[in-house]
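Subject: Structure handover and notes

Hello,

Here is the structure you asked about, with my notes below it. Please read them with the model open beside you.

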Amino acid sequence: MKFGQVEDPSKIDFTLPKDHSRTKEILKQNKKGLENISIGCAKWNKTDLKGFYPKGTKDELTYYATQFNSIELNATFYGMPTPDQVLTWKEKTPAGFKFFPKITNTVSHFRRLIDVTEPVTQFATSVLNFDEKLGMVFLQLHDNFKPKDYDRLEKFVKEWPKEVPLAIELRNTEWFNDENILNTTCDLFEAHHITNIIVDTAGRRDMLHMRLTTPNAFIRYVGANAESDYERLDDWLKRVTQWKKEGLQNLYFFVHQNIEKASPLLSAYLIKKMNEEWKTDLHVPQMATESIQSLF
């Protein structure tokens, strides 16, 4: 993932900003406690995750699902998934595994939320075949999709099929720089139970709005292939621990890297630290574990 990549990460202030004032109120609304923790990568492709798979691995997803409990499914962004394809993916994974498919770019980038009823219906119909393994669908809008297009976003949100949980990632800085625009948009998300995605990447610190709109935290973390990546994860663990105390219901945390082969390494680091802090027993990816011992 090259989004937000910078030449020299050492020049970036990676300090997490304070929570938006509304976030604590949103978390208080959850009375069920923490229900789910999903931590994983964005891909299971052997070409990207070099060194992760043992020699002789015949099916990458099947093996990936023995090491992680979830996947941020970017494959669905590039092509509309069919019900049969979804069922094939589902059947390759164990009970408890979760998929987080990205909405096809026909909707977000080519039609830009205009006249999308048919592709949205097709997408939703397909991904519902994940059944209990569907975590949350997410929409990633183009960098140049701006608040001037708010009416399109509002229509999309209001017409989204309610049986499919949805998160949205806004990328243009104008959504975050104007407090009135941010509040209006987040009020819309709150009213329709849409989760506001937080992106942590070196070159786009404005996307760290820390404004939750549901008791779910959907975080897309982009490492910079630098030692600071681990310190940043330590900071995130502190923040989500605070959110857990305040009422966090679901944590969805997906790790990307400019060079993706390091993604399992960072994910394993976070999982191991979380197990120690939260007394959870999430599986720590085995191959990555061997590589991270020196980091503790």
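Which residues of the largest nonpolar core touch the most other members? They are Leu153, Phe156, Ile168, Trp236, Trp243, Leu251 and Phe253, in a core of 87 residues. A nonpolar core here is a set of buried Ala, Val, Leu, Ile, Met, Phe, Trp, Tyr and Cys residues joined through side-chain atoms within 4.5 Å. Buried means under 20% relative accessible area, exposed means over 50%, and partly exposed is in between (1.4 Å probe, protein chains only). Helix α11, residues 263-278, supplies the largest share of this core, with 7 residues. As background, nonpolar side chains in soluble globular proteins tend to be buried together.

This is a predicted model, in which local features need pLDDT of at least 70, side-chain atom pairs count only at pLDDT 80 or more, and totals for chains, interfaces and linings use all residues. Residues are numbered from 1 along each chain as its sequence is written, and side-chain values use heavy atoms, with hydrogens and water left out. Helices (H or I, at least four residues) and strands (E, at least two) are DSSP runs, numbered from the N terminus.

Helix α7 and its surroundings

Helix α7 covers residues 150-159, and its buried residues are Tyr150, Leu153, Phe156 and Val157. Seen down the axis of α7, these fall within an arc of 125 degrees, so they line one face of the helix. The arc is that of the directions from the helix axis to the C-beta atoms. An α-helix has 3.6 residues a turn, so residues three or four places apart point the same way.

The buried residues of α7 pack against α5, α6, β4 (137-140), β5 (166-169), α8 (174-177) and α9. Contact means heavy atoms within 4.5 Å. With α9, the packing angle is about 10 degrees and the axes are 10 Å apart. Axes are lines fitted to C-alpha atoms, for helices over the stretch in contact, and angles run from 0 to 180 degrees between N-to-C directions. On the α7 side the residues that meet α9 are Tyr150, Leu153, Glu154 and Val157; on the α9 side they are Thr184, Thr185, Leu188 and Phe189.

Ile168 and Asn196

Not counting residues up to four places away in sequence, Ile168 touches Leu139, Leu141, Leu153, Val157, Phe189, Ile194, Thr195, Asn196 and Ile197. Asn196 lies in strand β6 and is buried, with a relative accessible area of 3%. A polar atom of the Asn196 side chain is 3.2 Å from the backbone oxygen of Arg211.

Helix α4

In helix α4 (residues 83-91), the buried residues are Val86, Trp89 and Lys90. Down the axis of α4 they fall within an arc of 100 degrees, so they line one face of the helix. Asp84 and Glu91, on the other side of α4, are exposed. The buried residues are covered by elements including α2 (60-67), β2 (70-73), α3 (75-78), β3 (98-101) and α6. Val86 has 1% relative accessibility, and beyond four places in sequence it is in contact with Pro81, Ser126, Val127, Asn129 and Phe130. Thr88, also in α4, is partly exposed at 36%.

Ser38

Ser38 lies in strand β1, residues 36-41, and counts as buried at 0% relative accessibility. Its side chain makes a polar contact of 2.8 Å with the side chain of Asn36. A polar contact is a pair of N or O atoms within 3.5 Å; within protein, one must be able to donate a hydrogen and the other to accept it, and residues adjacent in sequence count only if both atoms are side-chain atoms. Residues that Ser38 touches, beyond four places in sequence, include Leu251 and Phe253.

Two positive phi values

Leu113, in the loop between α5 (105-110) and α6 (117-127), has phi near 70 degrees, positive in a residue other than glycine. Leu113 is buried at 6% relative accessibility. His193, in the loop between α9 (179-191) and β6 (195-196), has phi near 60 degrees, again a positive value in a residue other than glycine. His193 is exposed, at 63%.

Regards
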